[in-house]
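Take a look at the structure below.

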Amino acid sequence: MTEARRGPRERMVFSAAQLMRRGGVAATGMREVAAHADAPRGSLQHYFPGGKEQLVSEAVEWAGRYAGKRVARFLAGLERPTPSGLFAAMAGQWTDEYAADGFAAGCPVAAATVDCAAIGDSTREAAATAFATWRDPVAAALTDMGVPPSRADSLAILMISTLEGAILMARAEQNVRPLTTVVHELGPLLDAAVCA
C-alpha cells in the first residue's frame, strides 16, 4: 500500500513503527507519531483509545506482518532457493539499508521487546505474535526447501534470533561486519539441514 493510499490510522501505525526503529518506544511520542504521519493529533484518541500502548502494539504487529511477507519476496529473488540464500537475503536487507542510510534504524519489534516492561503486557504479547508471524513463513520456506519439519521451526528461530543480534551489534559497531559474519558462519549449518 502506498503512502498516499493509507488512511490516517494506517499512517500512524506505520509512523510509529518507523519512529520506534530509530529511537525505541520510550522516545516515540504520540505527538511525533501524528506529525510524522501527517495526521491530526485529535485522531490519535479516536483511533487509539488505548493510548500509546495500543498504538505501539499495533505497530509491532504491523512490523511482524511486514517481516513475514518479506520472506516470499526474498525467495522470489533467489534463482535457486536454499536456506543459506534465504538467510543471506534477510541479512542483506539490513546491510543494504545500513550502506545507504547509516546505522540509525533497527527492528521495531526488537525495540518494543526491550522497552515492553515500561509499556505493558499487550506490547509483550504483540512482540511475541510479531516474531511468530515472521518465524512461521521462514519455517515453511525451510520445509519447502527440504528441511525436515521437525527442524524447520527451530532453525527459523535460530535465523531470526541470530539476525536480530547481528543487527544490534552492527548498530553498536557502526559496521556491517556482524551481519556478513553471521551469513558466512550460519549458511553451511542451514544448508546441511536439507535432506537430499
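Ala, Val, Leu, Ile, Met, Phe, Trp, Tyr, Cys and Pro count as nonpolar; Asp, Glu, Lys and Arg count as charged; the others, Gly among them, count as polar. Keep these classes in mind for what follows. The model is predicted.

## The cavity

A search of the whole structure turns up 1 cavity of 30 Å³ or more. The largest cavity holds about 30 Å³ of space.

Which residues line the largest cavity? They are Ala16, Met20, Thr28, Gly29, Met30, Val33, Lys52, Leu55 and Val56. Sorted by class, this lining has 6 nonpolar, 2 polar and 1 charged residues. Helix 1 (8-23), helix 2 (30-36) and helix 4 (51-76) each give at least two residues to the lining. Helix 4 provides the largest share, 3 residues.

## Thr28, a lining residue

Thr28 is part of the lining of the largest cavity. Thr28 sits in the loop between helix 1 and helix 2. Is Thr28 buried or exposed? Its relative accessible area is 4%, so Thr28 is buried. The cut-off for buried is under 20%.

Leaving out residues up to four places away in sequence, Thr28 touches Ala16, Leu19, Met20, Val33 and Lys52.

## Helix 5 against helix 9

Two packed helices are described by the angle between their axes and the distance between the axes. Here the pair is helix 5 (residues 83-101) and helix 9 (residues 177-192). Their axes come within 8 Å and cross at roughly 170°. Angles over 145 degrees count as roughly antiparallel. Therefore helix 5 is roughly antiparallel to helix 9.

Which residues make the contact? From helix 5 come Pro83, Ser84, Phe87, Ala88, Ala91, Trp94, Thr95 and Tyr98. From helix 9 come Leu179, Thr180, Val182, Val183, Leu186, Gly187, Leu190 and Asp191. By class, the contact has 11 nonpolar, 4 polar and 1 charged residues.

Two residues stand out for a look in the loop between helix 8 (149-173) and helix 9: Gln174 and Asn175. Gln174 has a phi near 55°, a positive value in a residue other than glycine.

Asn175 has 34% relative accessibility, so Asn175 counts as partly exposed. Which residues does Asn175 touch, not counting those up to four places away in sequence? They are Phe103 and Ala170. Asn175 and Phe103 are 72 residues apart in sequence. In space, their C-alpha atoms are 8.0 Å apart.

Asp38 lies in the loop between helix 2 and helix 3 (42-47). The phi of Asp38 is near 55°, a positive value in a residue other than glycine. What is the relative accessible area of Asp38? The value is 65%, so Asp38 is exposed. The cut-off for exposed is over 50%.

Gly23 belongs to helix 1. At 42% relative accessibility, Gly23 counts as partly exposed. Now compare Gly23 with Ala88. Along the chain, Gly23 and Ala88 are 65 residues apart. Their C-alpha atoms are separated by 26 Å.

Note on methods
Residues numbered from 1 in each chain as written. Predicted model: local features only at pLDDT ≥ 70, side-chain atom pairs only at ≥ 80, totals over all residues. Heavy atoms only, no water. 1 Å grid on protein atoms, 1.4 Å probe; cavity = no way out; pocket = protein on both sides within 12 Å on 5 of 7 lines; lining within 4 Å. Points joined across faces, edges and corners; volume = space filled by probe spheres on them. Helix = DSSP H or I, 4+ residues; strand = E, 2+ residues; numbered from the N terminus. Axes fitted to C-alpha atoms, helices over the stretch in contact; angles between N-to-C directions. Parallel < 35°, antiparallel > 145°, perpendicular 65-115°, else oblique. Contact = heavy atoms within 4.5 Å. Buried < 20%, exposed > 50% of the residue type's maximum accessible area, 1.4 Å probe, protein only.
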